[in-house]
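Open the model in a viewer and keep the sequence panel beside it. The stops below say what to select next and what is there.

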Amino acid sequence: LTGRRGPARPLVFVFTGQGGQWWAMGRELLARDPVFRAEVEAFDAVFERIAGWSPIAELARPREASRVDETEVTQPTIFAVQIGLAARWRAWGVEPAMVLGHSFGEVAAAHVAGALPLEDAAALIFHRGRLQQALEGTGAMAALGLAVAELRPFLERPEATGVEVAAVNGPTMTTLGGPRPALEALLATVEAERPGTFARLLKLQAAYHTALMEPIREPFLAALAGLRPGPARLPIVSTVTGAEIDGRALDAHYWWRNVREPVLFEPAMGHAVGRGFEAFLELGPHVTLAGPLNACLAQRGVQGLVQSSLHREQGELDTLLAALASLWVAGQPVDWRGVLGDGRRLVDLPLHPFERKSFWAPCEEARAMLHEAPVHPLLGERVTGPQPRWRVELDLASHAFLKDHRVDGSVLFPAAGYLELLLAAARDALGDGPIELEGVLLHEGMFLDPERSELVETALDPERGRITIHSRTRDGAPEWTLRASGRVRRAGPASLPGA
């Protein structure tokens, strides 16, 4: 990565909601990152006492047995990944100045901000997930590329009865939820009257953040009546209210609103930007909010920083380190001792311009290879010397077409290839015009090994008109083997029949 470091900007940790989960999320970090693992293990121990099952065990399931797409498993496992990522970032010196979360991502945001103890967060994420799981099959959700104001007339149609705004993700990014038949009818109307508008059903079987959540209201409030939130160490922007909220207000009734009411992500972003925050780090198992984050910034004319932590099916530690490098280049402070470990010293580069001088002393052959194009794909470059010579390195990667000529399963350089080499050398040495070859002999076959390259040299004796082709393996014995030879001369003008 390259760039010019600017001033550090206060960073907002943004915790994703449902949708970025995948079967192997967090697995590499659990195996390779002790900071991440310690945080997740602490949560796992508390959660298992409450729920009777282990999020770590669920994250370890093979792909065919994974349950991470089941709501009661999705939410605790994503929460585990999120708090593990937060611990990792902070151990590297990347500290948040504010937090916000999308939908159930608010649980991790509240915990990281210090407003929700781990035991309360574990109980909340358990009961939230298990109760919503019971509503699977009762509704559906859809994403549309329209602003809420543009959707209002469609929501007032009789065929859209029961459909509600479930999330306001960006200036023209809205999620709807409701009964599946009504939602499908609304999408059909939008597609007919606003052709080209993005409108797509989501792979969800419940209408989160709508009236279809009401059946779990009483059991939800009863299960979480014992929550005891406290003051937060960091500002929390609520995606329920769209504004900052006191950590002590995050009781069971607030979390019911988090389940039932629409996600006001775009207003929450507007509040954060209005407070002067322009740098946002997404914490979740995959990129889900980068688009909405950038759209919210662009709407306000802000050229901010948006960085994701992980990408589905990409090496997690490498992806995190690349994200760390991007944050550093963008001006964010980093604790390099936390990155490099003890016993290593960080030194500054000289503060004066480098003297850009080259001290290469290349030979003629090197200059020819660097600056002159090959004479012919098989003949290669011309080598300087008293007599014309050409050299090429043949291998099955750069000359893949040679793989087609096989004898007993082995690749054998074809006879036609030798004739092409002889003619190409003659044309390069003698110039344009008719060429005659005579006395061509193929002395020994040249088998090409897929693991090694063959150095081929063609030489012409101009006085005798004799051409020879020798070769040797690049990393093998130094002896050259004669492969083919012949004589070449200019041909006289052909006589036409009857002339």
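**Start in the sheet**

Select Phe15 and look across to β9, where Leu283 stands opposite. The model is predicted, and local features need pLDDT of at least 70, side-chain atom pairs count only at pLDDT 80 or more, while totals for chains, interfaces and linings use all residues. Residues are numbered from 1 along each chain as its sequence is written, and side-chain values use heavy atoms, with hydrogens and water left out.

Now extend the selection to β1 (11-15). Helices (H or I, at least four residues) and strands (E, at least two) are DSSP runs, numbered from the N terminus. β1 and β9 run parallel and are joined by five bridges; two strands count as paired if DSSP finds at least two bridges between them. Next, select strand β2 (residues 98-101), which also runs parallel to β1, with four bridges between them. Here Val12 stands opposite Met98.

Colour β1 by burial. Five of its five residues are buried, so β1 is largely enclosed by the rest of the structure. Buried means under 20% relative accessible area, exposed over 50%, and partly exposed in between (1.4 Å probe, protein chains only). Leu11, Phe13 and Phe15 lie on one side of β1, Val12 and Val14 on the other, and both faces are covered.

Show the whole open sheet: six strands in the order β8-β7-β2-β1-β9-β10, with mixed pairing. β8 (244-245) and β10 (305-308) are at the edges with a single partner strand each, so one side of each has no neighbour in the sheet. Strand β9 (residues 279-283) pairs with β10 in the parallel sense over four bridges. Pick Phe280 to find its bridge partner in β10, Val306.

Axes are lines fitted to C-alpha atoms, for helices over the stretch in contact, and angles run from 0 to 180 degrees between N-to-C directions.

**An enclosed helix**

Select helix α5 (residues 105-112): eight of its eight residues are buried, so α5 is largely enclosed by the rest of the structure. Just after α5, Gly114 takes a positive phi of about 90°.

Then bring in helix α10 (residues 252-260), which packs against α5 at an angle of about 145°, with the axes 10 Å apart. Glu106, Val107 and Ala110 in α5 meet Tyr254, Trp255 and Asn258 in α10; contact means heavy atoms within 4.5 Å.

**The largest pocket**

Switch to a surface view. The largest pocket has a volume of about 1200 Å³. On a 1 Å grid over the protein atoms alone, a pocket is an open set of points where a 1.4 Å probe fits, with protein on both sides within 12 Å along at least five of seven lines; lining residues have an atom within 4 Å of a point. Grid points are joined across faces, edges and corners, and the volume is the space filled by probe spheres set on the points.

Of the 48 lining residues, select those closest to the centre: Gln18, Gly19, Gly20, Leu202 and Leu204. Elements that give two or more residues to the lining include α4 (71-91), α6 (118-133) and β4 (164-170).

**Last stop**

Go to Thr468 in strand β18 (residues 466-473). Is Thr468 buried or exposed? Thr468 is buried, with a relative accessible area of 11%. Not counting residues up to four places away in sequence, Thr468 touches Glu457, Thr458, Ala459, Leu482, Ala484 and Ser485.
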